[in-house]
Every structure is written in C-alpha cells, then in structure tokens.
Amino acid sequence: MKNKILNIGVPLALILLIVGLVVAAIVKHQGQEKDAAVAVTVPVELTASEQARSSSIGLILTVGNEGAQGSEWNQAAAGAQVAIERFNRSGANLTLITEDDRGTSAGAARAVEVLAQQNVSGIVIASRGNHVEEAVKAAEERGIPVILPYTDAVGGAWSLTPSPSDVTSLLESHYSGTSRVVRIDQESFPGPEVRAEETVTVNSSSDLDKTAQDIARRISDGKAGAAIFINADSYTQARLTRALQEAGTQASIVLGNEATSPAFSETFTRDNPSTVINAMTVGFNTGDSVALQADGQGRSMSAYLQMVKMLGDSPDAHGPVGEQPFSDVAASADARSHDAVVALVRATEKAPSAKPKDIKKELGTLTLSPSDGITAAGLDFSQPHAVAGSPALLSATLEDVTIRTSPRDESAHIVWFAAS
C-alpha cells in the first residue's frame with residue numbers, strides 16, 4: 001500500500017496501515033485461508049426474507065457540478081449499490097432505481113413521482129438542500145418511507161446525521177476553554193448555533209484566499225487559543241480550509257458535516273501540493289478505520305469494504321448512475337447510504353405487507369445493530385435522527401485508500417476517523 005500518512009502520529013499511521021493490510025488480505029484469501037482475521041469476519045453477502053427479496057428501492061441523488069445543491073453527495077450514494085449487491089449475491093433480486101432531482105424542488109418532486117410509479121418500497125435521498133423537503137413531502141403524500149443519509153431530518157423522514165442540538169452541545173463543550181471563536185458562514189447556508197465572537201459571511205463572489213488571510217492575520221494579532229468554525233457547503237469548506245492552511249493560521253479549524261463528502265476531499269486535494277489537513281469535523285465515526293475495531297461493528301465494516309473492493313475490481317460493475325464504472329466511485333462509496341438501504345430491506349422483512357405505508361410504519365419501530373448488516377454501531381428509527389449514540393469530533397488524514405480501490409489508483413483521499 002502506498003502510504004501518504006503525514007503529521008498524524010505513529011500510532012494512527014500504524015492503525016490505518018494495519019486496516020489496509022488486514023482488509024486487503026481478507027479479500028485476497030477469502031475462502032482459501034482460515035486464519036484469525038478471516039474467522040472473525042462476517043460474510044460479505046447479506047440475506048433477506050422472501051418478502052424483501054424482490055423489492056425495489058429508490059435512490060434520489062443530484063447529478064451535476066457544484067452549481068447544483070446536493071451534488072457533493074452523488075458519488076457517496078454508491079454505497080447504496082454496495083448494499084444491493086450484497087443482498088443479491090445471496091440470491092435476492094433487489095433493484096435499485098436511481099433518479100436525478102437536478103437540485104431543484106420541481107426535480108425532487110418529479111423524482112419521487114417516477115419512483116412511486118415503479119412501486120419502490122422506500123427511498124434513500126443522497127442529497128441535501130431546500131429541494132429535499134419537496135421530495136420528502138411528495139413521498140409522505142404517497143406513504144413512502146424516506147431515509148436521508150447526508151442531511152438533517154425533515155418532515156417524516158429519518159436522518160443518519162447528528163441532530164443540530166447534539167452538534168451544538170458538542171461544539172459548546174469543545175470551545176469552552178477557547179478565548180475566541182471566529183465563525184465563517186456561507187450566505188443562506190443552514191447550520192448549528194455556535195457561539196462566536198466574530199462572524200464572517202462569504203458568498204459566491206467572495207475572495208476566499210483574501211478572507212482566509214485577513215482572518216489568519218487578525219487571529220495572530222489577538223489572544224492565543226483562537227478557533228475557527230466553518231459553516232458552508234463542501235466546496236466552500238474545502239477552499240477555505242486550504243486557504244487558511246496556506247495563510248499559516250494556527251487556529252483550530254472545525255468543519256460542518258459537509259466535510260465528510262467526496263466533494264470536500266476532491267476539492268481540497270485538487271492541484272494541492274499539501275499532504276496535510278489540519279481540521280476536524282463533527283459527525284459519527286463511519287470511516288474505513290472502523291474496520292479495525294474488534295467488535296461487531298468492525299467486522300461489519302470490514303465486510304462492507306470487501307464488497308466495495310470486489311465491485312471496484314470488477315470491469316462489469318457499475319455505479320448507481322448510468323454506465324459509470326464502479327471503479328470510478330469505489331473510493332467515495334459511503335457506508336451511510338449503504339446502511340440506509342439495509343434499513344429499508346430490514347423494515348420490509350418485518351412489515352405485515354410489502355406496501356410502502358406498512359414498511360414505513362415498521363421502520364418507525366425498527367432498531368438495528370451490526371448483526372443486521374449495518375456498519376453503524378446502531379440505528380434506532382423511533383427517533384428522527386436514527387444513529388444511536390452521540391456525535392464526536394473527527395480528525396482527518398490524507399491516504400491512498402487502496403483498501404477499497406485498485407493499487408493503480410494512487411490519488412489521495414481524505415479519511416475521517418474518531419479523534420479518541
């Protein structure tokens with residue numbers, strides 16, 4: 001594995017290296033060796049009951065560049081395809097039907113209408129923005145359950161992101177000993193309430209390099225222990241983080257959930273000679289390093305990564321959009337969209353019928369653990385924000401993610417991991 005871990009400490013470097021070696025070894029020798037690593041790994045395939053085996057699941061995403069809100073998550077949505085493949089390899093006949101909402105309210109409503117006509121059991125919306133509300137509303141009118149892996153809960157949908165109140169509580173605790181907090185807000189972008197002694201607002205016409213230089217200079221002239229919180233979309237967060245690093249700021253940088261998107265990683269690393277990212281974000285520990293944990297969640301994440309690797313190595317495997325080779329999205333396929341599909345399948349299994357309204361009712365009572373096939377520590381759909389547990393501060397490193405892609409892919413990607 002080509003190692004690019006820098007400035008993150010020897011223990012973490014070893015951990016990530018071990019993860020890569022262990023998972024790669026499992027993929028290579030599966031079915032041939034019965035060593036300890038293989039023995040404690042759960043099967044790659046996922047089984048489903050008769051009622052769920054032939055169901056269809058809708059996936060709504062936003063195709064396009066950063067001009068389309070929500071587009072930062074379209075490659076992450078490939079995790080949903082991984083879940084479908086895991087079930088189908090055990091003999092199921094699940095279908096994933098993908099629709100593009102175009103990042104607009106009209107497009108979102110239309111996407112739900114098209115999926116409803118094809119009798120989907122539930123919908124995963126792998127996007128974010130105001131248009132998501134219109135999609136949720138349209139789904140509610142038709143009694144179709146909706147899971148939102150990457151945005152806050154709206155309407156009757158369930159979210160796999162931290163609740164705003166939990167994010168606020170964590171940040172208030174994190175900043176309790178900080179002398180000065182500077183908040184950078186993107187104009188009209190929603191975000192958690194975070195105390196700040198100074199708020200700077202940016203928009204599409206802002207010179208982000210100059211903004212970063214001005215903030216870095218003011219912080220260096222002031223008291224020690226300053227911190228920066230950036231509340232913006234993935235692209236803007238990445239550019240501001242890079243600009244602040246280049247400006248030499250020593251302040252602690254904390255980012256919103258958008259930083260965990262593939263678009264943040266791509267934007268930060270594009271034409272960037274830096275091999276270090278000095279920033280944290282708030283979220284749940286859903287990164288590849290979870291596979292190292294000696295528990296059910298670790299084993300479940302390991303199995304998920306095995307399937308990502310298998311699909312990425314297969315010339316016949318495609319992502320959820322058109323004829324795009326899966327190898328193009330293997331580095332970005334996200335476990336949260338995978339878990340959303342697994343949850344809908346498990347709810348379909350337990351529902352009294354395969355009708356969406358019955359599945360939705362059952363989903364509202366569902367609790368899941370890694371033994372059910374999810375990679376999260378636990379999901380509880382009796383609450384709008386379904387991930388069990390509290391969010392944490394996540395640190396970042398740049399890494400060649402060869403545990404899930406071909407060794408020929410030498411591009412660096414940002415990997416987020418629990419700081420403690």
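## Exercises on a predicted model

Glutamine 186 is located in strand β6, which covers residues 180–186. The structure is a predicted model, and the exercises below are to be read with that in mind.

**Exercise 1.** Determine whether glutamine 186 is buried or exposed, and state which residues it touches.

*Solution.* Begin with the accessible area: the relative value for glutamine 186 is 18%. A residue counts as buried under 20%, so glutamine 186 is buried. Next, leave out residues up to four places away in sequence; glutamine 186 then touches Val202, Asn231, Ala232, Asp233 and Thr236. Two of these names return in the next exercise: Asp233 as a helix cap and Thr236 as a buried residue of α8.

**Exercise 2.** Describe helix α8, its covering and its two ends.

*Solution.* Helix α8 comprises residues 234–246, 13 residues in number. From the first C-alpha to the last it reaches 18 Å, close to the 18 Å expected at 1.5 Å a residue. The helix is mostly covered, with eleven of its 13 residues buried; among them are Tyr235, Leu240, Arg242 and Leu244. After the helix comes glycine 248, with a positive phi near 80 degrees.

**Exercise 3.** Locate tryptophan 158 and relate it to the largest nonpolar core.

*Solution.* Tryptophan 158 lies in strand β5 (residues 158–159). With a relative accessible area of 9%, tryptophan 158 is buried. Beyond its neighbours within four places in sequence, its contacts include Ile147, Leu363, Phe381 and Pro384. The side chain of tryptophan 158 also reaches the backbone oxygen of phenylalanine 381 at 2.8 Å. The largest nonpolar core has 41 residues, of which Leu363 and Phe381 touch the most other members. At least two residues of this core come from each of β1 (56–61), α3 (78–88), β3 (122–126), α11 (335–350) and α12 (356–363). The largest share, seven residues, is supplied by α11. A second, separate core has 29 residues, including Ile228 and Leu255.

**Exercise 4.** Asparagine 119 and serine 188 each have a positive phi. State where each lies, and whether it is buried or exposed.

*Solution.* Most residues other than glycine have a negative phi. Asparagine 119, although not a glycine, has a positive phi of about 60 degrees. Asparagine 119 lies in the loop between α4 (105–117) and β3, and is exposed, with a relative accessible area of 63%. Serine 188, likewise not a glycine, has a positive phi of about 65 degrees. Serine 188 is in the loop between β6 and β7 (198–202), and its relative accessible area of 76% makes it exposed.

Definitions and conventions
Residues numbered from 1 in each chain as written. Predicted model: local features only at pLDDT ≥ 70, side-chain atom pairs only at ≥ 80, totals over all residues. Heavy atoms only, no water. Helix = DSSP H or I, 4+ residues; strand = E, 2+ residues; numbered from the N terminus. Buried < 20%, exposed > 50% of the residue type's maximum accessible area, 1.4 Å probe, protein only. Contact = heavy atoms within 4.5 Å. Polar contact = N/O pair within 3.5 Å; in protein donor to acceptor, adjacent residues only side chain to side chain. Expected span 1.5 Å × (residues − 1). Core = buried A, V, L, I, M, F, W, Y, C linked by side-chain atoms within 4.5 Å.
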